[in-house]
Amino acid sequence: MTKGFTVAIDGPAASGKGTISKAVAAHFGFAYLDTGLLYRAVGAKVMLGIEPLKAAQALVPEDLDGEALRTPEVAQEASKVAALPDVRAALVDFQRSFAARAGGAVLDGRDIGTVICPAAQVKLFVIADSVVRARRRFAELTSKGIKTTLEEVLDDVQARDARDMGRADAPLKAAADAIEIDTSALSIEDAVAQTIAVIEAAMAR
Ligand code: C5P
């Protein structure tokens, strides 16, 4: 019944989409792909001197592991390589075949509902105030021992928002038929419960 059932969850950095995606994937037994990791892995390789398209074409699943991809420096580089159309094109097939796997899949990113899976059964666009997002990301980074300040994190979030929304190819935006969830004042539990309700309604149709 869930063959090819795809949940597309897009939104800006630290909006809560990753937390929601993981929780709903576990709830329904769907596979989960954090597509930001693909761009982070390419960005990390570019920081080592590899050419962006070559890095994207040579990506293997092991490249997606590791806390090293979670740093603000890698995030910035990720959003720079993510503006390159040939890099994005090189990553499309992997994402689409992941989305089509039997048993259902949740993919989170920036262009899942608009470009990668425009026919997804469920599309969500998760947003939150940028200061709230910066506070969350700051807490997450400091808990991992990464030294930064709230101001730096806010700058990082705002710079990435601007780059991700302003690029010509697959900019960050809600699909016309996406359901918006604002997590600024929502607990994780409430955000997850709302998302589960949306998915259950779509499954019942
Ligand atoms: O989601 P995360 O913050 O890890 O993504 C890192 C960067 O990768 C984003 O700022 C964005 O530029 C890029 N990205 C993208 N399309 C996606 C997922 C991430 O352009 N589907």
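## Cavities and a helix pair

In this predicted model, the residues lining the largest cavity are R40, R70, T71, P72, A75, R137, L141, V153, D156 and R160. By type, they divide into five charged, four nonpolar and one polar. Three helices, α4 (72–81), α7 (130–143) and α8 (150–166), each supply at least two residues of this lining. Helix α8 gives the most, with three residues.

How many cavities of 30 Å³ or more does a search of the whole structure find? The search finds two. The second largest cavity is lined by A8, D10, G113, T114, K123, L124, F125, K173, A175 and A178. Two or more of these residues come from each of β1 (6–10), α6 (112–116) and β4 (122–127). Strand β4 has the largest share, three residues.

| Cavity | Volume | Lining residues by type |
|---|---|---|
| Largest cavity | about 50 Å³ | four nonpolar, one polar, five charged |
| Second largest cavity | about 40 Å³ | five nonpolar, two polar, three charged |

Two packed helices are described by the angle between their axes and the distance between the axes. For α1 (residues 17–28) and α9 (residues 188–204), the angle is about 50° and the axes lie 9 Å apart. That angle makes α1 oblique to α9. Their crossing is right-handed.

On the α1 side, the contact is made by T19, I20, A23, V24, H27 and F28. They meet I188, A191, V192, T195, I196, I199, E200 and M203 in α9. The residues of this contact divide into ten nonpolar, three polar and one charged.

Methods. Residues numbered from 1 in each chain as written. Predicted model: local features only at pLDDT ≥ 70, side-chain atom pairs only at ≥ 80, totals over all residues. Heavy atoms only, no water. Axes fitted to C-alpha atoms, helices over the stretch in contact; angles between N-to-C directions. Helix = DSSP H or I, 4+ residues; strand = E, 2+ residues; numbered from the N terminus. Parallel < 35°, antiparallel > 145°, perpendicular 65-115°, else oblique. Left-handed = near helix turned anticlockwise from the far one by under 90°. Contact = heavy atoms within 4.5 Å. Nonpolar A, V, L, I, M, F, W, Y, C, P; charged D, E, K, R; others polar. 1 Å grid on protein atoms, 1.4 Å probe; cavity = no way out; pocket = protein on both sides within 12 Å on 5 of 7 lines; lining within 4 Å. Points joined across faces, edges and corners; volume = space filled by probe spheres on them.
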